[in-house]
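Colleague: I am new to this one. Can we go through it together?
Modeller: Gladly. Here it is.

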Amino acid sequence: MTDFIQKLLQEMPDFSHFLTIEELDTSSRELAAAYPDLVTLSTIGHSTEGHPILMLRIGNGQHRALFVGCPHPNEPIGALSLEYLSKKLCEDSALLEQMDYTFYIIKEIDVDGCRLNEGWYDGPFSPDRYIRCYYRPSMLEQVEWTFPYAYKTLSFSEPIPETVAFMRAIDEAKPHFLNSLHSSDQTGTFYYVSTPLPDALCEQIIKLTHDHQLPLMIGEPEAPFMPPIQPGFYQLPELSSMYDYYQSILPPGEDPAKAILMGGSSRDYAGTRYRTFCLVSEISLFTDPRMGDKSETTHSYKDATLDIAKLEGEQIAFLSKQYKSAQAFITVPTRFQRSVEDFLIGMEDVRSHHLQSAENDAALARFATVAEMFDLKLRTLWSSLCCCSMLIRMLDAQPDNITLSEIRADSEKWLNQGLQELLSFFNWSMRPLRELCAVQLGSALMIMEYLRQTHESTTTPLKS
């Protein structure tokens, strides 16, 4: 790690809470007013509900970097990281000159979704409060998964307004480096990269992660078509990889496009147009010592997978029953309803994957590690409780109705019992916010410096 990156991370202040949309927007406007010769503030689009989406342009370096915070609104670490970075770049002219980048910064891209998470942004932080105030958009309302894309029988051409703004930012910046800033609420820290990095650089980033006491994710990959490159690093694929995966597992003649309920990603768009190096940084929000425990248990991975599939089936059955019972009485459409529907589909897909793996993957006969056993159970509990919480928020948005009140009471009882089970199982802790931001920013800046030094970031764009 270079001295200037280390200095930047060491000078990061203590943060007590995540910032609201109003606080972030006000800060950006004040920064532009204070440094008019250095900062350009623009509105690159408006959210679905009409809120302006702001972008800062800072500096005039030879290379170009685009940072985008809150592509998922339940993941606000990135907004806080960018709040600090934007101010630091303006206050320290030597830092900006040494890095030789022009910075394009969007602190929060899903502003509407962030508002629906602000109930937990101010702390105190706990899995309980996070889940009760949780909102995550349905797949077709997610900024990061609604870019236009065409491949074989797959064609997606309906980007949401936030994605259109993201596309404008990419086309304006033509970035050599793009960082979509994420966080992981219930796994260890990990990184997606569009192109493999040198082992030595990955080891430095892993050291940074461990130095700030964050475990790496060593459980299941998020998807079978996102394979690990090395510990902590995963391939960030094009959407075509998902298509090819489904084509390989579906019965002959079945169209893979029908199984893909999304569009392309920023990696698809920026990588194709500008050969951008793309990083998705997934920083741990809550941690548990078992996340990094590679010691073997006495349970086979196959048996653990079958046990989890059974639990998943029970949870899906209850949540589906609650939702179907409420459907006829829902008169006010909400984002929560669409998310609950999406979660139920996704949970069933995960359950089917677990059952198929247990039946067909001979490698699962081995003993599972502590981390794998922990990861399987925590992810399952977490998903079902988040789904139930959004179902309750969906019901709260409806006019008074006796039947819905009964469904809500039953759902809240189930949520309360589930949270008790979660908290008795999850020996959680949370690192200070400055530590989370340090890992997120440090990993990005280390990669940017590598790209600058090796001239990979000066590749001629495919389009101008």
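Colleague: Which residues of α8 are buried?
Modeller: This is a predicted model. The buried residues of α8 are Glu162, Thr163, Ala165, Phe166, Met167, Ala169, Ile170 and Ala173. Buried means under 20% relative accessible area.

Colleague: What makes the span of α8 agree with that of a helix?
Modeller: Helix α8 covers residues 161–173, which is 13 residues. The expected span is 1.5 Å times one less than the number of residues. That should come to 18 Å, and the end C-alpha atoms are 18 Å apart, so the two agree.

Colleague: Which other residues have a positive phi without being glycine?
Modeller: Lys152 is one of them, with a phi of about 50°. Gln213 is another, with phi near 60°. Lys152 is in the loop between β5 (149–151) and β6 (154–156). Gln213 is in the loop between α9 and β9 (228–230).

Colleague: Why is Lys152 called exposed?
Modeller: Exposed means over 50% relative accessible area. Lys152 has 55%, so it counts as exposed. Gln213 has 54%, so it is exposed too.

Colleague: How far is Gln6 from Thr40 in sequence and in space?
Modeller: Gln6 and Thr40 are 34 residues apart in sequence. Their C-alpha atoms are 27 Å apart.

Colleague: Why does Ser28 count as buried?
Modeller: The cut-off is under 20%. Ser28 has 4% relative accessibility, so it counts as buried. Ser28 belongs to helix α2 (residues 21–34).

Colleague: What does Ser28 contact beyond its neighbours within four places in sequence?
Modeller: Leu41, Leu56 and Lys107. Contact means heavy atoms within 4.5 Å.

Colleague: Why is Ala270 called buried?
Modeller: Its relative accessible area is 0%, so Ala270 is buried. Ala270 sits in helix α11 (residues 266–274). Beyond its neighbours within four places in sequence, Ala270 is in contact with Ile170, Leu178, Arg275, Thr276 and Cys278. Ile170 is also one of the buried residues of α8.

Colleague: How far apart are the C-alpha atoms of Ala270 and Pro175?
Modeller: They are separated by 7.7 Å. Along the chain, Ala270 and Pro175 are 95 residues apart.

Colleague: Which residues does a cis peptide bond join?
Modeller: Gly123 and Pro124. Omega there is about -5°. Pro124 is in the loop between α6 (118–121) and α7 (127–132).

Colleague: What is the volume of the second largest pocket?
Modeller: About 240 Å³. It is lined by 13 residues, and the closest to its centre are Met1, Leu9, Leu208, Asp211 and His212.

Colleague: Which residues line the largest cavity?
Modeller: Among them are Gln186, Thr187, Gly188, Met291, Phe374 and Asp375. The lining of the largest cavity divides into six nonpolar, four polar and one charged.

Colleague: Which domains supply the lining of the largest cavity?
Modeller: Domain 1 (3–288 + 430–459) and domain 2 (296–425) each give at least three residues.

Colleague: How many residues of the two domains are in contact?
Modeller: 31 residues of domain 1 are in contact with 30 residues of domain 2. The domain centres, taken over C-alpha atoms, are 27 Å apart.

Methods: Residues are numbered from 1 along each chain as its sequence is written. This is a predicted model: local features need pLDDT of at least 70, side-chain atom pairs count only at pLDDT 80 or more; totals for chains, interfaces and linings use all residues. Side-chain values use heavy atoms; hydrogens and water are left out. Helices (H or I, at least four residues) and strands (E, at least two) are DSSP runs, numbered from the N terminus. Buried means under 20% relative accessible area, exposed over 50%, partly exposed in between (1.4 Å probe, protein chains only). On a 1 Å grid over the protein atoms alone, a cavity is a set of points where a 1.4 Å probe fits but cannot get out, and a pocket is an open set with protein on both sides within 12 Å along at least five of seven lines; lining residues have an atom within 4 Å of a point. Grid points are joined across faces, edges and corners, and a volume is the space filled by probe spheres set on the points. Ala, Val, Leu, Ile, Met, Phe, Trp, Tyr, Cys and Pro count as nonpolar, Asp, Glu, Lys and Arg as charged, and the others, Gly among them, as polar. Domain bounds come from an automatic or database domain assignment.
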